[in-house]
Amino acid sequence: MRISFKWLALLLSLALPAAAQSTLSQVWVPDLGNGTYKNPVLYADYSDPDVVRVGSDYYLVSSSFNCVPGLQILHSKDLVNWSIIGAVFREQPPVAEFRLPQHGNGVWAPAIRYHNKQFYIYYPDPDRGIYVTRASNPAGLWETPRLIKEAKGWIDPCPLWDENGQAYLVHAFAGSRAGFKSIIAVSRLSADGMKVVGEDALVFDGHAKHPTIEGPKFYKRHGYYYIFAPGGGVPTGWQTVLRSRHVFGPYEDRIVMDQGKTPTNGPHQGAWVDSPDGKEDWFLHFQDQGAYGRVVHLEPMVWKNDWPVIGTDPDGDGKGQPVLTHRKPRVPGPPQPLATPATSDEFSATTLGLQWQWHANPQMGWAYPNGPQGFLRLYAQPLPADFKNFWQVPNLLLQKLPAEVFSATTKLTFTPRTEGERVGLIVMGLDYAYLAITNQGSQWQIAQTTCHDADKLTLEAGSPPISLAPAAGPVYLRVQVAAGARCQFSYSLDGKEFKPVGASFQAREGKWIGAKIGLFCSRIGKNNDSGNVDLDWWRITP
C-alpha cells in the first residue's frame with residue numbers, strides 16, 4: 001500500500017508530541033519513511049554546505065552572507081533528518097559596519113572541523129580575510145570570530161591537520177576582489193589552527209579545464225591529499241577532485257560528478273563524510289534553484305582506485321550523477337525520528353526561533369519575544385532618510401523558502417500610533433513584493449507593493465489600496481507560493497475567508513542567496529514613541 005506525502009505528514013503530526021509538531025515541516029520531509037529518502041534533503045538555501053561527523057553526530061554549516069544570526073548550525077544523526085541547533089554569532093563583525101544591509105557580503109563558504117576536542121569553523125569575508133571561531137559544543141557558545149589572515153579576495157578556506165600535527169589551509173580567490181580567480185592555494189597554519197604562517201603556495205590552476213574552481217575542501221586518505229572543489233560555475237558546474245601524495249602538489253584532477261542525464265543542475269560544492277563504522281561514504285552538495293536558493297542534496301559515494309565516485313555511475317566511467325531517491329545511510333541504533341529545520345513559529349519562547357534571520361546586525365527595539373503571553377512584538381522602525389526601497393532596510397525578519405510549493409500565514413494585531421506606520425508580509429529578493437497594512441488617517445489601507453531590480457534602488461509600485469476601519473481584533477496575512485516561486489498575497493479578518501490582493505508576483509533570488517520570506521514593521525521619520533505589531537503565530541502549510 002502506498003501512502004501519499006500529505007497523508008504521511010498528517011499521520012506523523014498526530015503521532016508526535018506538541019513540540020515536534022511545531023518543527024516538522026508540513027511541506028517537505030525528505031525521509032520517505034520506508035528506509036529511503038528523496039533529494040533535496042534540505043529544501044532550503046543552505047548554500048555552500050560543509051559537514052563534519054563527530055562520533056555518531058553530523059554537523060552542517062553554510063554561507064550566511066549578510067544575514068544574522070550568522071553561520072547557522074544544523075545537526076543530524078543520519079544525514080537525512082536535520083534540525084537547526086544554533087548559530088555562531090548574533091552580530092557579524094565588524095559589528096558597526098554590518099548595521100546596514102551589505103547584500104552578498106559577509107560570510108561566504110565556511111568549513112567546519114573537529115580537532116583536539118573542539119569544533120572549528122573557518123569562514124571568509126571576501127573584503128577582509130579569513131576568520132576562525134571555536135566551540136566545545138556546536139550548539140554554542142562560539143568564540144568571537146578572529147581575523148587570522150587579512151587578505152582581500154581570499155575565500156572558501158578549509159583546514160587540514162596532518163598526522164604529524166602540521167596544519168594547512170586551502171583556499172580559493174574571488175575575482176571580484178582579488179582581480180583573478182580559478183586557482184587553488186595552500187598555506188601553513190599554526191598547530192592550533194589559529195594563525196596563518198609562511199607563504200601562500202599555488203597548487204592548482206583551473207583555467208584550462210575547471211574554470212571558476214573554488215570552494216575547496218581538504219582531506220587525507222590512504223596517503224593521498226585530496227582537495228574536493230567545484231568547477232564550471234554555480235548553475236551548470238561539476239564536482240572536481242584533486243589528489244596528490246604531497247600537500248603542495250603536484251595534483252592530478254578528475255571530474256567525479258556532474259549533472260549527467262538527471263534534472264539536478266550544477267551538482268557540486270559540498271562535503272565528504274563517512275558513517276560511524278567507516279563502511280559507507282556520502283557526499284552533500286548544493287543545487288542552484290534560483291529563487292529557492294542553493295538547496296542541499298545527499299549522494300552515495302564509493303572509492304575506486306583511490307578516486308571517489310559520487311552518485312550513481314551508470315556507464316562505469318568513474319564520473320557519477322546525482323540520485324533523486326536512494327537508500328538512507330546505515331547508522332547505529334534504531335531509525336532516527338523525522339526532523340526538518342524549523343519554519344513555523346508559535347512565538348511561545350523568550351527568544352527568536354533559530355530559523356529567523358535579520359538582513360543586518362539587529363538593534364535595540366526591533367523585536368521583543370514575549371513567550372509567556374505567546375507573541376512576538378515588532379516595533380515600527382524608521383525608514384532610512386534616503387529611502388528608495390526595502391533593499392536599504394535592515395530590520396527585515398526573514399527565513400528561507402522551505403519548499404517548492406507552500407503557504408505562509410501570520411496572525412497579527414497591529415497597534416499604530418502615528419501616521420504612516422506599516423506592518424507587512426514580504427517576499428524579499430532582487431525583485432520583491434509585500435502585502436502591508438498602513439495607518440493612513442483614520443483608516444487602515446491594505447495594498448500589495450512591488451519592486452523590480454531593487455538592488456538598483458528603483459522605486460516601488462503599489463496596487464490600489466483597500467480601505468478598512470481599524471481592526472478591533474487580529475488580521476491574517478498570507479502568501480501562497482506556487483511552483484516556480486509564483487506568489488499570491490491575500491488577507492483575512494476572520495482567519496477563514498482570505499481575499500486576494502494585487503497581481504501574482506514572480507519571486508527572485510537575492511544577492512548570492514535565495515529569496516526570503518518574512519515580516520517587517522516600519523514608519524516614516526522619528527519621534528519619541530512607536531507603534532507596534534504583535535505576532536501571534538507564523539505557519540508554513542501546504
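Which element gives the largest share of the lining of the largest pocket? That would be β5, with five residues. Bear in mind that this is a predicted model, so everything below is read off computed coordinates.

**The largest pocket**

Let's stay with that pocket for a moment. Its volume comes to about 680 Å³, and 34 residues line it. Nearest the centre of the largest pocket you'll find Pro-69, Ala-87, Phe-89, Arg-90 and Leu-352. Besides β5 (82–89), the elements that give two or more residues to this lining are β23 (357–358) and β24 (367–370). Sorted by class, the lining of the largest pocket has 21 nonpolar residues, ten polar ones and three charged ones.

Now for the cavities. Rolling a probe the size of a water molecule over the atoms shows where empty space is left. Here the count is four cavities of 30 Å³ or more. Two of them are set out below.

| Cavity | Volume | Lining by class |
|---|---|---|
| Largest cavity | about 190 Å³ | twelve nonpolar, five polar, one charged |
| Second largest cavity | about 70 Å³ | three nonpolar, three polar, three charged |

The largest cavity is lined by 18 residues, and Tyr-43, Ala-44, Pro-341, Thr-343 and Pro-402 are the closest to its centre. As for the second largest cavity, its lining is made up of Asp-45, Ser-63, Ser-64, Phe-65, Cys-67, Gln-357, Lys-400, Ile-513 and Lys-516.

**Tyr-292, a loop residue**

Is Tyr-292 buried or exposed? With a relative accessible area of 6%, Tyr-292 counts as buried, because the cut-off for that is under 20%. Its place is in the loop between β19 (281–288) and β20 (294–304).

Leaving out neighbours within four places in sequence, Tyr-292 is in contact with Ala-44 and Asp-45, with Leu-401, Ala-403 and Glu-404, with the run Val-481, Ala-482, Ala-483, Gly-484 and Ala-485, and with Gly-514.

**The annotated domain**

An unreviewed UniProt entry carries the annotation "domain: Beta-xylosidase C-terminal Concanavalin A-like" for residues 344–540. In the model, that span is 49% strand and 0% helix.

**Arg-113, a strand residue**

Over to strand β6 (residues 111–115), where Arg-113 is found. Arg-113 has a relative accessible area of 10%, so this residue is buried as well. Which side chain makes a polar contact with the side chain of Arg-113? The partner is Asp-50, at 2.9 Å.

Not counting residues up to four places away in sequence, Arg-113 touches Asp-50, Val-51 and Val-52, then Gln-118, Phe-119 and Tyr-120, then Cys-158, Pro-159 and Trp-161, and finally Lys-217, Phe-218 and Tyr-219.

Notes. Residues numbered from 1 in each chain as written. Predicted model: local features only at pLDDT ≥ 70, side-chain atom pairs only at ≥ 80, totals over all residues. Heavy atoms only, no water. Helix = DSSP H or I, 4+ residues; strand = E, 2+ residues; numbered from the N terminus. Buried < 20%, exposed > 50% of the residue type's maximum accessible area, 1.4 Å probe, protein only. Polar contact = N/O pair within 3.5 Å; in protein donor to acceptor, adjacent residues only side chain to side chain. Contact = heavy atoms within 4.5 Å. 1 Å grid on protein atoms, 1.4 Å probe; cavity = no way out; pocket = protein on both sides within 12 Å on 5 of 7 lines; lining within 4 Å. Points joined across faces, edges and corners; volume = space filled by probe spheres on them. Nonpolar A, V, L, I, M, F, W, Y, C, P; charged D, E, K, R; others polar. UniProt positions renumbered as here; feature names shortened; annotations may be inferred.
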